Amino acid sequence: MDNEFIFKDFFEIRSGKVQWRSPSNIALIKYWGKKTGQIPLNPSLSFSLTKCFTKTTITFKKNKSSFPKYHFLFHGEKTPSFERKIDGFFSRILKYCPYILDIEMKIESFNSFPHSSGIASSASSFGALSLCIMEIEKTLNPKIDEVYFFKKASFISRLGSGSACRSIYDKFSIWGESIISGSNDLYAIPFNKKIHNSFNYLCDTILIVDKSKKEFSSTKGHELMSGHFYAESRMIQVESNFSKLVESLQSGNYDLFIKTVESEALALHAMMMTSDPYFILMKSRTLEIIKALWEFRRASGTKLCFTLDAGANVHIIYPREEFNNVQNFISQKLISYCENGEFINDTIGTGPLKL
Ligand code: PMV
């Protein structure tokens, strides 16, 4: 099944420099739990952001070794915790990108969003790194077409971090076998159905509730889904939510969209709170924000909703037309719940960019 991604053409490797930036993404239907080999338990659907991205540069030269030789700098500094993740990534992609044994790489990475703001950066980091690796592959085989380029970039980025495989495209993407034709467990695909106009310009304001490092990693959380008491029910729920979300995106049914997105966010955290061991990533301020948002929506009829990733920060999702309205609400009612009053106004994005 993964044979199409094994690099077989051997051309002379040269030195060079490649550079890509890749956006972060926010899942509306959540990936939580995996089978072996980074295969998701369920399909997920997300959209790419604009302002939150990682920019990565790889400068490489010929140098053979038995394990990929690299020097990694994050914001100009050595970061051993990232190196462990990159080692794991390289060992998993070796079979598909054997040419990384023929080069020595200097990898430099920058995040656009504030360092340690509590925003997960693995999706954009592995997205950008994978696109750079594919750019190196393209120097070896310039005949690679665009579809294959992005498909394999998504495939290898999945091996770095599952959610990263959805950071390879603009707007909405799907990863995991689902009702959408062509969707599969090995790589993400762009959402290939017509989206109603109301979702073309979605905004995502990320309220920074807690900047500290997560007490419980997503890797551990995914693992706890095997043998989870509610795993089977969760699969039934996610299938139903997936269909509802697709229906709302196509029909423009905003109420259905809101209900489904919030159901998914709470279901994700419910899985965490009912696993063995159980854990809670939300903070009391997360709940205060949710309560205030529900109250505001009831009173004003504004079409906004929230979602959460594996952390305490709250993503507020709304259409562009509601921007001023939502900004007023945030500055009057929510800013006091944010760490140092910080939040990021982002929007649905145009995808990765070759620099
Ligand atoms: O890609 P990972 O292993 O960090 O998992 C991310 C999981 C969630 O962010 C909670 C959900 C998702 O689909 O992005």
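Predicted model: local features only at pLDDT ≥ 70, side-chain atom pairs only at ≥ 80, totals over all residues.
Let's start at the ligand. It has 14 residues around it, and the closest are Y31, S161, S163, R166 and H222. For S163, a side-chain N or O atom sits 2.6 Å from an oxygen atom of the ligand. For S161, the distance from a polar side-chain atom to an oxygen atom of the ligand is 2.9 Å. As for how much of the ligand gets covered, it would expose 380 Å² if taken alone, and the protein buries 89% of that.

Now for the backbone. Most peptide bonds are trans, and most residues other than glycine have a negative phi. With that in mind, look at the step from D276 to P277: that peptide bond is cis, with omega near 5°. You'll find P277 in the loop that runs between α6 (254-273) and α7 (284-300). Then there's K171, which isn't a glycine but still has a positive phi of about 45°. K171 also belongs to a loop, this one between α3 (146-158) and β7 (172-175).

Last stop, the surface. R84, K85, K213 and K214 come together there in a patch of positive charge. If you want a landmark for finding it, K85 is part of helix α1, which covers residues 80-93.

Terms used: Residues numbered from 1 in each chain as written. Heavy atoms only, no water. Patch = residues over 30% accessible without salt bridge, like charges linked within 9 Å, V, L, I, M, F, W, Y side chains within 5 Å. Areas by Shrake-Rupley, 256 points an atom, 1.4 Å probe, with all protein chains shown as cover. Salt bridge = Lys/Arg side-chain N within 4 Å of Asp/Glu carboxyl O. Lys, Arg positive; Asp, Glu negative; His and termini not counted. Charge placed at Lys NZ, Arg CZ, Asp CG, Glu CD. Helix = DSSP H or I, 4+ residues; strand = E, 2+ residues; numbered from the N terminus. Near = heavy atom within 4 Å. Polar contact = N/O pair within 3.5 Å; in protein donor to acceptor, adjacent residues only side chain to side chain.
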